[in-house]
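Visitor: Please show me the model, and then let me ask about it.

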Amino acid sequence: SQIDLEDRRFQIRLEAGPGQLQASLDREGQLVPVVLQRARPRRRVIDGFRRSAILQRLGKAGVSAMTLEVDDDEALRLAFVFNHERKTLKPVDRWNSIRMLAGRGWKDAAIAQSLGLHPTTVFKIRRLYPNTKPVHRGVAEGWLRPSHLRALRDLVPEKSGPDWLRRIRDEELSGQRLYRTIQAAQRRREPPFVDFRAGGAFVAR
């Protein structure tokens, strides 16, 4: 059966370089099967995006895989569970998992119960990074990366976030360049810099 490696609807990890996995696969071969969702015309990867891509680069004819008869919601939940059990998820990946489930209409209580998390934990994870529809759209479309999210979280008040999102997209700013550009604008007190005043209010200069 064929696998659609371009379909990444269940890929919750935003930072997923080959790391030590490529050396392990090259040396020992595939020890853990890829998990697939049965779909037409080609099956979709639930867990094992890196394994599949690396084995393809290594010239392997195929992958060892198990195929599940599950809907999209269950496939997304399983993608989190498999990665969570291996302790490979970074905070930004946990945030992305919850973002993806919320985007499918899931409420925090349902997400918490399904992922085996406390509702308070879900709430805290959602607040790790900017939690707006434009941010979610940028992540889903692939032009907003973890380095952008960290810069926006650390340096940009929510009121001025949309201005920087437009610049990230239109100017194709890298995360490092975004950091430097924001810091330069703050030093010059240029828009869209917003000053934080005592009392919890953001006041634009």
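The questions below go from the whole chain to strands and then to helices.

Guide: This is a predicted model, where local features need pLDDT of at least 70, side-chain atom pairs count only at pLDDT 80 or more, and totals for chains, interfaces and linings use all residues. Residues are numbered from 1 along each chain as its sequence is written, and side-chain values use heavy atoms, with hydrogens and water left out.

Visitor: How many helices and strands does the secondary structure of the protein chain come to?
Guide: Helices (H or I, at least four residues) and strands (E, at least two) are DSSP runs, numbered from the N terminus. For the protein chain, the count is 10 helices and six strands.

Visitor: What percentage of the residues in the protein chain is buried?
Guide: Buried means under 20% relative accessible area, exposed means over 50%, and partly exposed lies in between (1.4 Å probe, protein chains only). The protein chain has 205 residues, and the buried share is 41%.

Visitor: Which residues of strand S2 are buried on its two sides?
Guide: In a regular strand the side chains alternate between the two faces of the sheet. Strand S2 spans residues 34-37, and both of its faces are covered. One side has Val34 and Leu36, the other Val35 and Gln37.

Visitor: In which sense do S2 and S3 pair, parallel or antiparallel?
Guide: A hairpin of five linking residues leads from S2 to S3. Leu36 faces Val45, and Val35 faces Asp47. Strand S3 covers residues 43-47, and its three bridges with S2 are antiparallel.

Visitor: Which residue in S3 does Ile3 stand opposite?
Guide: S3 is mostly covered, with five of its five residues buried. Strand S1, residues 3-4, pairs with S3 in the parallel sense over two bridges. The residue opposite Ile3 is Arg43.

Visitor: Why do H1 and H2 count as oblique to each other?
Guide: Axes are lines fitted to C-alpha atoms, for helices over the stretch in contact, and angles run from 0 to 180 degrees between N-to-C directions. Angles under 35 degrees count as roughly parallel, over 145 as roughly antiparallel, 65 to 115 as roughly perpendicular and the rest as oblique. The axes of H1 (residues 21-28) and H2 come within 10 Å and cross at roughly 60°. H1 and H2 are therefore oblique.

Visitor: Which residues in H2 meet H1?
Guide: Contact means heavy atoms within 4.5 Å. From H1 come Leu21, Gln22 and Leu25; in H2 they meet Arg50, Arg51, Ile54, Leu55 and Arg57.

Visitor: What is the relative accessible area of Arg50?
Guide: Arg50 sits in helix H2, residues 49-57. Gln11 is 39 residues from Arg50 in sequence, with 9.9 Å between their C-alpha atoms. Arg50 is partly exposed, at 23%.

Visitor: At what angle do H9 and H10 pack?
Guide: H9 and H10 are oblique to each other. Helix H9 covers residues 161-171 and helix H10 residues 175-188, with axes 12 Å apart. The angle is about 135°.

Definitions and conventions. Pairing = 2+ DSSP bridges.
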